[in-house]
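Here is a short tour of a few residues worth a look. Please have the sequence and the model open as you read.

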Amino acid sequence: QVQLVESGGGLVQAGGSLKLSCAASGRTFNSVAMGWFRQAPGKEREFVAYIKWSDYTPYYADSVKGRFTISGDNAKNTMFLQMNSLKPEDTAVYYCAASIREYFSRNYYSASRYQYWGQGTQVTVSS
């Protein structure tokens, strides 16, 4: 059984910062990439960022580029999301995810490419 657990969410004012963490527990697995997604009430789940373990290259959604930083440790199956200059539109439940599959296109923007998911952590940004 693989379990991903997010932590670090909370309530902050616009312009503030939060750092989210994601840790894996349970049986050992090797992920190809890990990513962050978010979902606001009444909206579809959207991509935020992911990191490929082959070269530790980060990829970001345009909406968070320049404000968020993803990092992690493949050996520990841990991942972080440093969120700066937060905006009210960043308010959502944030989910971490892990992919154990290498895809032909080699990108991990789609939620369908991840097999393991956490329960989510709430991030609320007040104006």
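With which side chain does the side chain of Arg 113 make a polar contact? The partner is the side chain of Ser 105, at 2.4 Å. (A polar contact is a pair of N or O atoms within 3.5 Å; within protein, one must be able to donate a hydrogen and the other to accept it, and residues adjacent in sequence count only if both atoms are side-chain atoms.)

## About the model

This is a predicted model, in which local features need pLDDT of at least 70, side-chain atom pairs count only at pLDDT 80 or more, and totals for chains, interfaces and linings use all residues. Residues are numbered from 1 along each chain as its sequence is written, and side-chain values use heavy atoms, leaving out hydrogens and water.

## Arg 113

Arg 113 sits in the loop between strand E9 (92–99) and strand E10 (116–117); strands are DSSP runs of at least two residues, numbered from the N terminus. Beyond its neighbours within four places in sequence, Arg 113 is in contact (heavy atoms within 4.5 Å) with residues including Tyr 103, Arg 106 and Tyr 108.

## Two positive phi values

Most residues other than glycine have a negative phi. Tyr 56, in the loop between strand E5 (46–52) and strand E6 (57–60), has a positive phi near 60°. Asn 77, in the loop between strand E7 (68–73) and strand E8 (78–83), has a positive phi of about 50°.

How values were computed:
Helix = DSSP H or I, 4+ residues; strand = E, 2+ residues; numbered from the N terminus.
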